[in-house]
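Student: Could you take me through the salt bridges in this model? I'd like a close look at one part, with the details joined up.

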Amino acid sequence: MYDKYYIIFMEVNEEFIINMPRKAYKKISTSLIIFAIFDAIYAFVDIFWAGFLGSDMLIIVGLCAPLFLVIFTIGNSIGQGANSLMSRFLGAENNDGASNTLLHGIIICLVVSIFIPLICLPFLEDIFRLMSVNASNMSYIFQYLTPLLIGSFIFLFSSLFSETIQSEGDSKRSAKYIILGNALNMVMDPIFIFVFKFGLVGLAYATLISSLIPLVLFLKIYLIEKSILIKIDFKKFKPSFKLLKEILKVTIPNFIDTTMFTFLGFYVNNLCGNLGYWNLCIFK
């Protein structure tokens, strides 16, 4: 949880903490609580609306959630790795180094976004068979996950830029854009399900579009606005194995740490599925 909310602490300067600790504590704790509550609610939005489509659809979305979380984790981890190095470059007043680091992060995300659907789609059936998913539900899983895996670049880059933009201390806009995307998803889910009659795949479309909006806003900052120090300009790109190594030194440990919960989710789903199967055999 620390890696997601650490920037909030940076907004409370040292003098404020020392002279007015009670107010500083309230400011820090209130922000953390709001973010935590909002994230908790957002995590259940797709599951909540899937419940209106039937118990099978509810189970499918719940089973797919860990895999979907991995994609966001990859983007966040790459962003945190790039953010760490960009902050150091900016502190040393080396704007070109910070920009080059951002470009390396973009290239890493681009490569990963190509491999995600190529690796995951052929093995989806095998993965969910391990969790004792019925063959009749497999088509719904492909229906729900295929757009999300193909559009994984949207989640990767949105997560990347939400982290890298904070290297210049612009945490407020980063939080606003991500919350905006989450809020749009809450609103768009029922519209795509009930108004457009897309059913389960409507949840995937709503998630893609609601994540695309923050990505466009982040790109607007990096490509158009003149108020920031770092720009996306591939003319200034200089390949550097050292930069890549420094980014991955932060990315890989964070990714492993976070995805442990994902693998735990797969294990629990598999365990519950097997228990359900044996209970059915016993009481049949």
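**The salt bridges up close**

Tutor: Let's start with Glu-246 and Arg-88, whose side chains form a salt bridge with an N to O distance of 3.7 Å. Glu-246 sits in helix H11 (residues 241–283) and Arg-88 in helix H5 (residues 55–91), so this pair ties together parts that are 158 residues apart in sequence. Keep in mind that this is a predicted model.

How hidden are the two partners? Glu-246 has a relative accessible area of 19%, so it counts as buried, the cut-off being under 20%. Arg-88, with 44% relative accessibility, is partly exposed.

Glu-246 has another partner, too: its side chain meets that of Lys-249 in a salt bridge, 3.5 Å from N to O. These two are three residues apart in helix H11, which means about one helical turn separates them.

Now hop over to another pair. Glu-225 and Arg-173 also join their side chains in a salt bridge, at 2.8 Å from N to O. Here, too, distant parts of the chain are linked: Glu-225 is in the loop between helix H10 (200–223) and H11, while Arg-173 is in helix H9 (residues 171–195), and the two are 52 residues apart. Glu-225 is buried at 16% relative accessibility, whereas Arg-173, at 22%, counts as partly exposed.

And the tally? The count comes to four salt bridges, and the pairs we've walked through are among them.

Technical notes: Residues numbered from 1 in each chain as written. Predicted model: local features only at pLDDT ≥ 70, side-chain atom pairs only at ≥ 80, totals over all residues. Heavy atoms only, no water. Helix = DSSP H or I, 4+ residues; strand = E, 2+ residues; numbered from the N terminus. Buried < 20%, exposed > 50% of the residue type's maximum accessible area, 1.4 Å probe, protein only.
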